[in-house]
Amino acid sequence: MGNSVWKDTWLITVRNIKTTLRNPFSFIPNLIISAFFLLVYEAGLSGIAELPTFEGANYLAFILPVSIVSAAIGGAGGAGQGIVKDIENGFFSRLLLTPASRLAIVLGPIIAGMLQLLVQTILIICVGFLLGLKVETGFLGVLFVLLIAIGWGLAFAGYSAGVALRTKNAQASQSGTLIFFPLIFLSTTFVPYELLDAQWLKIAATINPTTYIFESMRSVLIDGWVFSEMIQGILAIGIACTITITFAAVSAKKAVARG
């Protein structure tokens, strides 16, 4: 049974990856936008790094996680879009008539979306290095950033898949993902927590999981191996993935029952 689930998941994941590659314009714009914002942030806001709070830190390393997380939100939405397309063209219904694992039918698009984000993150980091990015913890730090990005992308892909299975509508699925963009800006997006002026924004940043994703990445990029901040990022991802993937699984169960 276990081998069957993994085999089915692998086959469906490969199919979704091939579908994405046949239509590269489904992810290239998101990649370009994330890289563009990284360039603009560095060019327009790098002077902030001269403030005492930054202690001479490289602002490019500080702002890089923002581009990565924004790419996660945009790129992971492809999981939901893929499911909606399969529903609309009848492929999802045909899958339900096969012995394919119901879990694999949902996990395939989610994993494909996660892998798409991995490639996007690697390319964004490469752009960062071209702009002069310096990583305090070296290659291992870059791997940790990739791990955090993959986990956050997995969480968003699970949510996107769940919305797609609930609504079976492309526009609703896309809109459901876009509501998460405000999370980026209700956080320590451009300056450290200490420089946030409004008390309501400090409260929002404190309860916002995106804050801990940013800080975990920034810790290895700027400060070194600060394990307390790294663990907070990992915990935020673990909680988010548990919630969103459970949501996707429950949505899939209901979709299969209706099918």
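Predicted model: local features only at pLDDT ≥ 70, side-chain atom pairs only at ≥ 80, totals over all residues.
A cavity, as the word is used here, is a set of grid points where a 1.4 Å probe fits but cannot get out, and its lining residues have an atom within 4 Å of a point.

The space inside the largest cavity amounts to about 30 Å³. Which residues line the largest cavity? The lining is made up of I12, N16, I83, D86, F92, L95, I105 and P109. Helix 1 (2-22), helix 4 (78-88), helix 5 (91-96) and helix 6 each contribute at least two residues to this lining. In terms of class, the lining comprises 6 nonpolar residues, 1 polar residue and 1 charged residue.

The axes of helix 6 (residues 102-130) and helix 7 (residues 138-167) come within 8 Å and cross at roughly 140°. Angles over 145 degrees count as roughly antiparallel, and helix 6 and helix 7 are therefore oblique to each other. The crossing in which helix 6 passes helix 7 is right-handed. On the side of helix 6, the residues in contact are V106, I110, M114, L117, L118, T121, I122, I125 and F129. Helix 7 meets them with V142, V145, L146, A149, I150, G153, L154, A157, G158, A161 and L165. This contact contains 17 nonpolar and 3 polar residues, with no charged residues.

Helix 7 also takes part in a second pairing, with helix 11. The axes of helix 7 and helix 11 (residues 209-223) come within 8 Å and cross at roughly 165°. Helix 7 is therefore roughly antiparallel to helix 11. The handedness of this crossing is left-handed, whereas helix 6 passes helix 7 in a right-handed crossing. From helix 7, the residues G141, F144, V145, I148, A149 and W152 meet P209, T210, I213, S216, M217, V220 and L221 of helix 11. The contact of helix 7 with helix 11 divides into 10 nonpolar and 3 polar residues, and charged residues are absent.

How values were computed
Residues numbered from 1 in each chain as written. Heavy atoms only, no water. Axes fitted to C-alpha atoms, helices over the stretch in contact; angles between N-to-C directions. Helix = DSSP H or I, 4+ residues; strand = E, 2+ residues; numbered from the N terminus. Parallel < 35°, antiparallel > 145°, perpendicular 65-115°, else oblique. Left-handed = near helix turned anticlockwise from the far one by under 90°. Contact = heavy atoms within 4.5 Å. Nonpolar A, V, L, I, M, F, W, Y, C, P; charged D, E, K, R; others polar. 1 Å grid on protein atoms, 1.4 Å probe; cavity = no way out; pocket = protein on both sides within 12 Å on 5 of 7 lines; lining within 4 Å. Points joined across faces, edges and corners; volume = space filled by probe spheres on them.
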